[in-house]
Amino acid sequence: MSSVLDQIKQEIARLDTAAVKKNTGKIIQLADGVARVDGLSDVQFNELVQFPHGIRGIALNLEEDSVGCVLFGDVAKLREGDECQTTGQLLVVPVGLGLLGRVVDALGQPMDGKGPITSTESYPVEKIAPGIMPRKSVDQPLQTGIMAIDSMIPIGRGQRELIIGDRQTGKTTIAVDTILNQAKINDQFVKPDGTFPEGFRPVYSIYVAIGQKNSNIARTIRVLEEANALKYTIIVIAPAADNAVNQYIAPFSGAAIGEWFMNNGRDALIVYDDLSKHAACYRQISLILKRPSGREAYPGDVFYLHSRLLERSARVGEKYGNGSMTALPIIETQAGDVSAYIPTNVISITDGQVYLETDLFNQGIRPAVSVGLSVSRVGSAAQIKAIKQVAGKIKLELAQFRELAAFAQFGSDLDAKTKSQLERGGRVVELFKQPPFSPKPIEEQVAVLWAAQNGHFDSLPTAKCTALSLSLQDFLRTRKAALLTRIRLEKALKDDTIAELKSAVEDWKKTVS
Amino acid sequence: MAKEDQKLRQQAQRLASLSLDSTGQVSPARVSAVLSSLAARTVAPLKQRALLKQYEAAVKRELGRSQVIIEHSGPIADDTAAIIAASFSTKTGRVISAVTKPNDSLLAGIRVILGDHVYDASAKARLDRLAAAS
């Protein structure tokens, strides 16, 4: 008994016996996850504040005689008059490989019932983006597996490509397809011991769900699980039922998790689904904090909110970690209005956008990528040569086709050239149709596009082109696997590869005619 | 609304500074004078109430800055409070008075409160740290 007491005494003696200085405050107002605190004269902006019952908050408003804190956790336990104190710390989240395959909340706490997170490192949620010197130009491709995007709007590692469109146009599907494709590519190269061969850079994905319905999040997780892609993915959730503060902080937590990969020589892909809801949460917090409101009642710093988040995505040089973080933010438009406040903000921040049109979606053209309004400002430098060879002019041709198709509706007499252009365009549109959650490997995309560009689909019925392209892929996969491997490894179409591809496509045509 | 709040706060701050004497201490006589002058005004009761609440908060802050509260568990020597007050007066450069307050929840030791700064040398704080460390 006495030894136990001695042990406790020793432990007490080991502690610093000096008086501890604390800076405290008292809650004078509490509403909607925001506390106004009297005191805390030493608090710093964005500092973590400790409240009773283990509740934490962040000091966001430093005013002359009070401090506005946003709160995490069960706010109902707090009362006016409760004491809080500064911590001298910033909000941090666990980071590292231990998070792969896990579903965590905005603070990095597990939400999947798979036990505690095995992570020894943590990163601050708010961090200044890499400056000019650490950055490297974007020149490595990040293949989405979606033919329309990889051929016409290519994305590079470290790029920020916005996915924008109305509700129910397939924005999340594009993001999830991209995650699935990364897992598929990683699986192609992974060794039995879980490592990757030298020179291959796997891409790890982070999916941040902000203000999404729990049912939608569950569906996304199920898709990733079924495709065996969850082992390369981290899911950060702040569903619609969460308080606004968690939804506000979730993308920043996701960015911190992604930065660990970037700083440790790895490549990460982060999807923010979606930033429209994120802006709405920030508006809610700002209005409760009584910050002056501007256009559409958003606070004046809503641009900075998204610019500081998206600037954290970059490709950094060897001295600075030699990794990358590619961002795919999602924005939901209202009735196709891309000129609204938040869409224009994020369009101007990102390096391009994939615009999804409701009309195309309803016509059955899925993914409903609008070729005219979509652009990638840096991705073409990251495109592999093989894709450039077969898809160099495809965007222009498709845009011309759309224009001609609109014009052709008014007249019946068309010259032969226009007719052939329309037919070719119609076939390309069909070829670009792709079912959800079935990303195409880049070598199969090259083969299909090469066949289309060289008129191998011209004699086939337009309506059947989607099915025929799947049949061609199947044929190549089962009978010409070596050719596909060659295209994948060489990353370019050499004369002998083209000859082999030609003979393979002709063989396939015999099977379908 | 926010502008009105700010105006009220500034007004209350001005009144609080009028309530200080030449040594920078809150003077009861000056506070009474401020209150009677406010009572003489013909202002809507709601507005008057809001201003008085802001004034109360400002005076409380001033009092907090010039008064050190020494919470203790068990007996405290007479001169300890005076020594602590003198030490804080030197540190802050203003006259600081001391008030002692028994607090058995501290178990042992003392806790000194000056404004929103708390200097905790109690057994309870040490045990709390021990609990947090384990």
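Modeller: Start with a cut-off. A residue is buried if 20 or more other C-beta atoms lie within 10 Å of its own. Keep in mind that this is a predicted model.

Biologist: What makes α6(A) mostly covered?

Modeller: Ten of its 14 residues are buried.

Biologist: Which residues of α6(A) are buried?

Modeller: Leu275(A), Ser276(A), Lys277(A), His278(A) and Ala279(A) are among them. Further along come Cys281(A), Tyr282(A), Arg283(A), Ile285(A) and Ser286(A).

Biologist: How do you know that the span of helix α6 of chain A agrees with its number of residues?

Modeller: The helix covers residues 275-288 of chain A. The expected span is 1.5 Å times one less than the number of residues. For 14 residues that should give 20 Å, and the end C-alpha atoms are 20 Å apart, so the two agree.

Biologist: What happens just after α6(A)?

Modeller: Lys290(A) takes a positive phi there, of about 60°.

Biologist: Now chain B. Which elements does it have, and in what order?

Modeller: Five helices and four strands. From the N terminus the order is α-α-α-β-α-β-β-β-α.

Biologist: What share of the contacts in chain B with a separation of 6 or more comes from residues 24 or more positions apart?

Modeller: They account for 62%.

Biologist: Which elements of chain B give two or more residues to the side that touches chain A?

Modeller: On that side, 13 residues of chain B are in contact with 17 residues of chain A. The elements are α1 (2-18), β4 (117-122) and α5 (123-133) of chain B. The largest share, five residues, comes from β4(B). By type, the side divides into seven nonpolar, one polar and five charged residues.

Biologist: Why are strand β1 of chain A and β4(B) called a pair?

Modeller: Pairing needs at least two bridges. These strands have four, in the antiparallel sense, so they pair. Val20(A), for one, stands opposite Asp120(B) in β4(B).

Note on methods. Residues numbered from 1 in each chain as written. Chains lettered and ligands numbered in written order. Predicted model: local features only at pLDDT ≥ 70, side-chain atom pairs only at ≥ 80, totals over all residues. Buried ≥ 20, exposed ≤ 12 C-beta atoms within 10 Å, placed from the backbone. Contact = placed C-beta atoms within 7 Å. Nonpolar A, V, L, I, M, F, W, Y, C, P; charged D, E, K, R; others polar.
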